[in-house]
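Thanks for opening this model alongside the text. Please keep the viewer at hand, as the sections below move from one region to the next.

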Amino acid sequence: MRQKEFESIRRKFNDFVDEFSPIFSRRDRLSRCSQYVAGLMLDGERKSIEPMAERLGNVSARSLQDFMVQETWDADALMDALSRRSLGKHEEPGVLILDDTSLPKQGNNSVGVAHQYCGALGKVANCQSIVSWHWAGKKTHFPIIGRLYLPQSWIDDQKKLDECGVPKSRRIFKTKWRIALDLLAPLASERNFSCICFDAGYGEIPQFYNQLDKLGHKFVGQIPKKMGFWPENLVVDLNPEPGKTGRPYKHPKVADKSIKPRKAEEFTKELSPQPDRWKKILTPSGEEIVVSALRVRQAITGSYRCPGPERWLLIERLNDGDCKYYVSNLPDDTTLEELVRFAKSRWKIEQGYQQLKEELGLDHYEGRKWSGLHHHIALCFMAFHFLNEMRNQPTGTGIGKKKINASLLCQQLGAG
């Protein structure tokens, strides 16, 4: 890369950071923001404060530490401003993707650390868990907002909450799916997404997508194979009579008591002998998969004979003979290709997490405080958005489609 291209990147980076100056309110804070984000983008195995300060040169680790923990700038406001800026560059609606990612930890004192399932290690271990939403379009994707999940054991420990500076408003236990809905609320007003995607960790919670129904959001999410549904073609004889109290039933009841809901995996057994019910579909990533879809009604927990909302049940047949299952509230005229396109959009959040961790050190923060961790998350998102913008520069800018990575930025951004 030529010197003038380095200089162009530096100017663009400075202009990019300056756009968020109202969030930091003071010039010295903005300078520390610039240094920290530059540090995240530089080469180096560890992206914690001291190694970054050493690589940056002429930057005090103490000043970065104070900026992350002592300064009271708003991480949520920064993430919101970043997402609005990036979304403003994309007119077409994308998809919103929900997931959580784990940050392994050795000790127990960092905020939110608990012995819980750690996806990064594939087992139960000490870790923090971050719930986040990402946006994905046809050609790009980026993180929108993230927040730490606090297990019940933390909510019950007043001393640890005080020591880690957990805000009063966050000291009420919330499941991950309720945190996800809280984070979704301000995003929904933008209406720049056509569907919500999630994995089986959220798909096993019908209350979650029932809330999405109430909010008017369309979704496609993976579910466990044991999830129950009523076959649509059997739920035809609904009991219209009122209950014993004379009040109408809240949900229609199946009159024939011999009919029972079925597990998702049972539908596969019925469809397997019917080759005409299966179709090969090309996914957005170019993979060819074999799928089938049928209309069903959701089984309602606690109301065994009460069919719930109409759904799509999408079944993907894997090469090893196993299957994946997805549920959706998309309209009944939705094509199989469209169902697959949405279902297979979720992989982009996995790619996003990989980039945030491997390139930008999302899981390298070593502080214990709530504010420090969320500041780190927001600044990792900031670095991601900047690099994403550079990678998607139109031709003729002097940068084009070249891969912009830490080594290319080191010379121009290292001095801060």
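What follows is a short tour of the fold, its core, some strands and helices, and a few single residues.

## Before you start

This is a predicted model, in which local features need pLDDT of at least 70 and side-chain atom pairs count only at pLDDT 80 or more, while totals for chains, interfaces and linings use all residues. Residues are numbered from 1 along each chain as its sequence is written, and side-chain values use heavy atoms, with hydrogens and water left out.

## The chain as a whole

The chain has 16 helices and 14 strands. Both are DSSP runs numbered from the N terminus: helices are H or I with at least four residues, and strands are E with at least two. Of the 416 residues, 51% count as buried. Here, buried means under 20% relative accessible area, exposed means over 50%, and partly exposed is in between (1.4 Å probe, protein chains only).

Contact means heavy atoms within 4.5 Å. Among contacts in the chain with a separation of 6 or more, 65% are between residues 24 or more positions apart.

## The largest nonpolar core

A nonpolar core is a set of buried Ala, Val, Leu, Ile, Met, Phe, Trp, Tyr and Cys residues joined through side-chain atoms within 4.5 Å. The largest one holds 117 residues, and the members that touch the most others are Leu78, Trp133, Leu313, Leu379 and Met382. Helix H15 (residues 370–391) gives the most to this core, with 13 residues.

Leaving aside residues up to four places away in sequence, Leu379 touches Cys33, Tyr36, Val37, Leu40, Phe67, Met68, Trp73 and Leu78. Cys33 counts as buried, at 0% relative accessibility.

## Cysteines

How many disulfides does the structure hold? The count is zero, taking a disulfide as a pair of cysteine sulfur atoms within 2.5 Å. Cys164 is another residue to look up: Cys164 is buried, with a relative accessible area of 3%.

## Strand E1 and its partners

Strand E1 (residues 94–104) is largely enclosed by the rest of the structure, because nine of its eleven residues are buried. Two strands pair if DSSP finds at least two bridges between them. E1 runs parallel to strand E5 (residues 193–198), joined by four bridges, and Val95 stands opposite Cys195 in E5. With strand E3 (residues 123–136), E1 pairs in the antiparallel sense over ten bridges; there, Pro104 stands opposite Cys127.

Leu121 lies between strand E2 (114–118) and E3, and is partly exposed, with a relative accessible area of 45%. Leu121 and Pro104 are 17 residues apart in sequence and 7.8 Å apart in space, C-alpha to C-alpha.

Strand E12 (residues 288–300) is mostly covered, with ten of its 13 residues buried. Strand E7 (residues 228–231) pairs with E12 in the antiparallel sense over three bridges, and Phe229 stands opposite Gln298 in E12.

Strand E11 (residues 279–282) also pairs with E12 in the antiparallel sense, over four bridges; Leu282 has Glu288 as its bridge partner in E12. E11 and E12 form a hairpin with five residues between them, and Gly286 in the turn has a positive phi of about 95°.

## Two helices with a buried side

In helix H12 (residues 264–271), the buried residues are Ala264, Glu265, Phe267, Thr268 and Leu271. They lie on the same side of H12, because they cover an arc of only 150° around the axis. The arc is that of the directions from the helix axis to the C-beta atoms. An α-helix has 3.6 residues a turn, so residues three or four places apart point the same way.

Helix H11 (residues 206–215) has Pro206, Phe208, Tyr209 and Leu212 buried. These are on the same side of H11, as their arc around the axis is only 160°. Just after H11, Gly216 takes a positive phi of about 80°.

## A buried arginine

Not counting residues up to four places away in sequence, Arg85 touches Phe16, Glu19, Phe20 and Glu389.
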